[in-house]
Amino acid sequence: MRAFKETQYGFILYNEAMEANKKYEGLGAFEISFEMQKLAEKNKKDNIFLNAGRGNPNWINTKARLAFNRLVEFGIKDSRRTINETDMAGYTQLKGIAQRFSAFLEPEENATDHFLDEALTYIKQDLSLHADDVVKELIDGALGNNYPVPNRVLKNTEFILKRYLENTLYNGSDIPHNTQLFPTEGGTAAIVYIFNSLKRNHLINPGDKIAINTPIFTPYLQIPNLSEFDLVEVLLDSDEQNKWEISLEQIKKLEDPDIKAFFIVNPSNPGSKAFNSEALAAIQDAVSKNPDLIIITDDVYGTFVKGFQTVYSLVPKNTILVYSFSKLYGATGWRLGVIAMQKNNIFDELIARLPEPERTELDNRYALVTNIPNRLPFIERIVADSRSVGLYHTSGLSTPQQIMEVLFALTHLIYQDKEDPYFTACEQLIDRRYDDLHKALRIENDDSPENAKYYTMINILSLAEQRYGKGFRDYLETNFVHNDFLLKLAERNGVVLMDGVGFGAKEGELRVSEANLPTEDYYLIGKQILELLKEYYQDYKK
Ligand SMILES: *Cc1c(COP(=O)(O)O)cnc(C)c1O
């Protein structure tokens with residue numbers, strides 16, 4: 001049985017428990033999780049309420065945030081040089097601004113200024129950028145005193161963010177020089193903008209076959225099925241048996257030229273595994289056989305895997321990369337994402353090859369933006385479409401957001417080849433939670449280097465079999481649906497997990513997020529799961 005069905009709301013979980021409990025009908029995975037939170041908060045055992053359902057991290061990066069404040073403080077001071085009337089100040093001036101900023105900083109006195117001082121040195125010495133130019137961009141950007149100009153991305157911002165992506169996601173691969181960026185309101189906006197422009201430009205059309213590596217972050221399952229897209233999915237499954245790794249057999253499906261696009265979350269969510277080198281090689285191979293394949297890779301969790309290599313770095317011409325600062329830096333509220341793609345890419349080529357009537361239609365559409373619309377690159381079309389074309393000239397991510405991205409990036413870049421202590425701290429935190437959960441559940445760790453460990457998938461049925469035997473597993477499988485367990489866990493024990501089915505996983509698979517609970521609670525969650533399982537077992541023995 002396909003365990004989810006499509007409704008006007010997108011996918012919903014669909015099983016007898018849902019039938020019995022009409023209240024949950026029509027709700028998506030995230031809404032159901034919300035309903036369960038309410039149950040869990042007033043749980044019968046009066047346990048503390050443990051919500052391990054969400055992926056929002058419970059840590060933040062402090063350095064970049066404090067640095068942002070310093071940029072604003074200096075910016076105000078510098079702006080008063082031109083106008084200084086009560087609460088009104090003027091504009092910053094380019095000439096000598098780096099020098100004035102350096103003089104403002106007290107690197108000996110405080111750690112934030114020390115970081116900004118190091119960042120300035122890095123910008124001048126290692127990136128060979130013009131110091132006044134960069135400082136003015138950072139300061140004006142933080143102050144937000146001008147529209148984003150250029151609208152797609154600020155100049156030095158693009159340069160620095162490219163370095164960051166190269167440093168964290170390309171694994172030494174040497175392709176970044178042709179990369180162009182479009183910072184967006186989180187990975188969320190990046191995804192929406194890309195899908196819309198692909199559709200607008202006839203690069204994906206109703207009825208096209210789209211491959212997806214499942215289980216996957218729910219929007220990717222929902223978007224292809226929205227009526228305005230009407231796409232046919234080809235699922236490239238990974239599962240528990242495979243330790244959530246995609247098989248090479250599955251990747252072979254991509255060689256079929258009928259498959260127009262491949263949407264990837266890598267490392268995956270909920271599986272949390274990055275493609276290994278064999279899988280990456282197989283993708284490269286498939287692209288050589290299906291050279292028009294469009295690839296969108298969402299690498300939001302890439303920075304949680306040491307030596308991570310993005311698909312973008314291997315098949316750059318075919319691929320659009322999406323990255324977000326949300327998870328690593330605990331910055332979901334800032335909405336900081338970025339789209340990256342090559343200057344020479346198949347998207348522009350595919351547009352040039354469209355039939356005449358479609359090209360004419362597109363030329364008319366983008367004539368508002370440029371007088372040579374047929375040469376407008378796809379990435380600029382994404383920028384234009386993000387503001388319904390008409391408002392192209394005031395498009396672009398807000399400048400304070402762009403500067404916040406730069407500051408997060410710089411906290412990492414200044415370490416160059418050395419270890420970034422913030423990365424290490426994140427890794428250790430997640431590792432500890434992952435270990436505790438596995439210890440409590442008495443299941444084996446997956447310590448392979450590809451495991452981001454941001455999420456863990458727990459299969460309740462396997463766990464039942466492991467602890468109480470096959471008979472009990474069969475009993476659970478035939479008498480209960482997985483949501484029964486999930487609901488009871490919330491209602492009685494106060495623990496909220498997320499159902500994997502909404503992500504396209506099998507029944508019985510639950511997602512625990514290692515991101516958003518106090519570290520000491522992970523052992524407890526494991527215990528609560530086993531305790532509830534024991535209760536089911538006692539019923540079974542009766
Ligand atoms: C959290 C998440 C996002 C959303 O990122 P935002 O930058 O917060 O919008 C995108 N993709 C995946 C796979 C995620 O898990």
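Domain 1 and domain 3 bury about 2600 Å² between them, 61% of it on carbon and sulfur atoms. Buried area here is the accessible area (1.4 Å probe) that two parts lose on being put together, summed over both. The size of an interface is often given in this way, as the accessible area lost when the parts come together.

A quick word on the ground rules. Residues are numbered from 1 along each chain as its sequence is written, and this is a predicted model, where local features need pLDDT of at least 70, side-chain atom pairs count only at pLDDT 80 or more, and totals for chains, interfaces and linings use all residues. Side-chain values use heavy atoms, with hydrogens and water left out.

So where do the domains run? The assignment gives domain 1 as 8–55 + 421–541, domain 2 as 62–143 and domain 3 as 155–413; such bounds come from an automatic or database domain assignment. Taken over C-alpha atoms, the centres of domain 1 and domain 3 are 30 Å apart. Their contact (heavy atoms within 4.5 Å) takes 28 residues from domain 1 and 32 residues from domain 3.

Now for the ligand. It has 13 residues around it, and Thr188, Asp298, Tyr301, Ser324 and Lys327 come nearest. A residue counts as near if one of its heavy atoms lies within 4 Å of the molecule. By class, this shell has four nonpolar, six polar and three charged residues. Nonpolar covers Ala, Val, Leu, Ile, Met, Phe, Trp, Tyr, Cys and Pro; charged covers Asp, Glu, Lys and Arg; the others, Gly among them, are polar. Helix α8 (residues 186–200) gives the largest share of the shell, three residues. Helices (H or I, at least four residues) and strands (E, at least two) are DSSP runs, numbered from the N terminus.

| Side chain | Distance to a ligand oxygen |
|---|---|
| Tyr301 | 2.5 Å |
| Ser326 | 2.8 Å |
| Arg335 | 2.7 Å |

Taken alone, the ligand exposes 390 Å², and the protein buries 94% of that; these areas use the Shrake-Rupley method with a 1.4 Å probe.

A cis peptide bond joins Val149 and Pro150, with omega about -5 degrees, and Pro150 sits in the loop between α6 (131–143) and α7 (155–169). Asn269 to Pro270 is cis too, with omega near 15 degrees; Pro270 is in the loop between β9 (259–265) and α11 (277–289).

Key
Polar contact = N/O pair within 3.5 Å; in protein donor to acceptor, adjacent residues only side chain to side chain.
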